[in-house]
Amino acid sequence: MFKRILIANRGEIACRLIRACRELQIETVAVYSQADSEALHVQLADYAVCIGKNISKESYLNVENILSAAVLTGSQAIHPGFGFLSENPKFAKMCEECQVKFIGPSAHVIQMMGDKAQARKQMMKAGVPVIPGSDGVVPTVEEGLKIAEKIGFPLLIKAVAGGGGKGIRKVQSLDEFEKQFLAAQQEALQAFGNEEVYIERIIYPAKHIEFQILADSYGNVVHLGERDCSLQRKNQKIIEEAPSPYLDDNLRKDMGQAAVLAATSVGYENAGTIEFLVDQDKNFYFMEMNTRIQVEHPITEMITGIDLVEWQLKVAFGERLNFTQDDIQIKGHSIECRLNAECPRENFRPAPGTIEVLHQPNGGLGVRIESALYSGYKIPPFYDSMLSKLIVHAQSRSQAISKMERVLQELVVEGVETNKEFLQDLLQSTFFERGDYTTNVVEEKFLPEWFNESRP
């Protein structure tokens, strides 16, 4: 096994990775910005190296500084976590050139699947159902209009290098197409340095269902069941659960087989996620592949008993999966809530500040907190607002909901505003209790009523 690994990330995921390495007796190197000098991941790691100033592009996106830190500390591998450089093929390639193992798929696969238009083509070739739309990149407004008239409205214009809800525009009619097309290109250029976009028909309303994939370098590929990620705001996930209350056994089997086929067709290695949209008639369509560990990976671990980060490390080191698809058993139900430093009542304004009082309820069977918080910690304003992930597991879905409600009731975070109340109200909503929700329900149904209730 690796002797020393550099963790190219921050916050709760960096802490999660460091803890997994420690259990495997692997030394860790934390990297940090000046703003994160007192962050928990810096304190947990065996070694720590400052890689730049506060903003991400001068620190956590600084490829040269991160690789220099890896070489200088004798790190054999780099784990990128999620976000930042986790899906950057240039970074993965540079790791290879520096003879530092990138813990994830190859640079070629990241490049192929990161280009959403190219990924669509690959899935069509493999026989995986895709959302009707353009065959590839749409370079001009004129070509886009022709495709739009063919597939109909409403539709989505999406960045090929997209992620995090950036570079996406919904178009309701022909009249607004040009404006939204140019806006999507501009946002994509600013967010990803790539203005290329493609077009897809809107599957509406839809369920957002993703399947967890794990593959080794010997051609063994398995899926570890699905996660329902349909509770979203501005294409950002809020609450996830596994398994999905929407899928029946036949659909689950078909989607799982399609996910394995998708990963196999590109020669995938390590952990990844195949994301699908499912319509009201239970037709499913490939949406994209995330070539990294996901924020919501803990709920899959809870229902399968398989440590995904541990297997990421083992696969990267060259070990073979010691289980097959038939060995995967789904037990119980798991839910994850994302706790953010934000003011939901003020249009979800980010709320950095200092944690004055903190109580994270770890008590009870089936409760797990992924966090980098501690009393006195100063939340910097330069990064994502997510503070912690609250995860529960129980024998049934109703028990899991009750357990999460209890966890949120006990949670205390003073000194900064959080979305705790928002999460509590979502959990208690009728549509969530029934499992009857789609990707549009938060913004179109829940939030208008919720905001109205807060007004005098």
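**Core.** I looked up the largest nonpolar core of this predicted model and found 65 residues in it. A nonpolar core is a set of buried Ala, Val, Leu, Ile, Met, Phe, Trp, Tyr and Cys residues joined through side-chain atoms within 4.5 Å. Buried means under 20% relative accessible area, exposed over 50%, and partly exposed in between (1.4 Å probe, protein chains only). Leu-6, Ile-78, Phe-91, Ile-239, Phe-422 and Phe-432 have the most contacts inside this core. Helix H15 (residues 441-454) gives the largest share, six residues. Helices are DSSP runs of H or I with at least four residues, strands are E runs of at least two, and both are numbered from the N terminus. Domain 1 (4-88) and domain 3 (207-454) each supply at least three residues of this core. The domain bounds come from an automatic or database domain assignment.

I then noted a second, separate core of 36 residues, with Cys-15, Ala-20, Phe-82 and Ile-293 among them.

**Phe-91.** What does Phe-91 touch? I listed Val-63, Ile-66, Leu-67, Ile-78, Leu-85 and Phe-102, leaving out residues up to four places away in sequence. Contact means heavy atoms within 4.5 Å.

**Ground rules.** I number residues from 1 along each chain as its sequence is written, and side-chain values use heavy atoms, with hydrogens and water left out. Local features need pLDDT of at least 70 and side-chain atom pairs count only at pLDDT 80 or more, while totals for chains, interfaces and linings use all residues.

**Domains.** I read off domain 1 (4-88), domain 2 (141-201) and domain 3 (207-454). The C-alpha centres of domain 1 and domain 2 lie 35 Å apart.

**Helix H10.** I checked helix H10 (residues 297-304) next. Seven of its eight residues are buried. They are His-297, Pro-298, Ile-299, Thr-300, Glu-301, Ile-303 and Thr-304. Just after H10 comes Gly-305, with a positive phi of about 75 degrees.

**Glu-356.** Is Glu-356 buried or exposed? Glu-356 counts as exposed because its relative accessibility is 56%. I placed Glu-356 in the loop between strand S17 (353-354) and strand S18 (357-359). Glu-356 touches Ser-375, Glu-414 and Gly-415, again not counting residues up to four places away in sequence. Asp-327 is 29 residues from Glu-356 in sequence, and 46 Å away in space, C-alpha to C-alpha.
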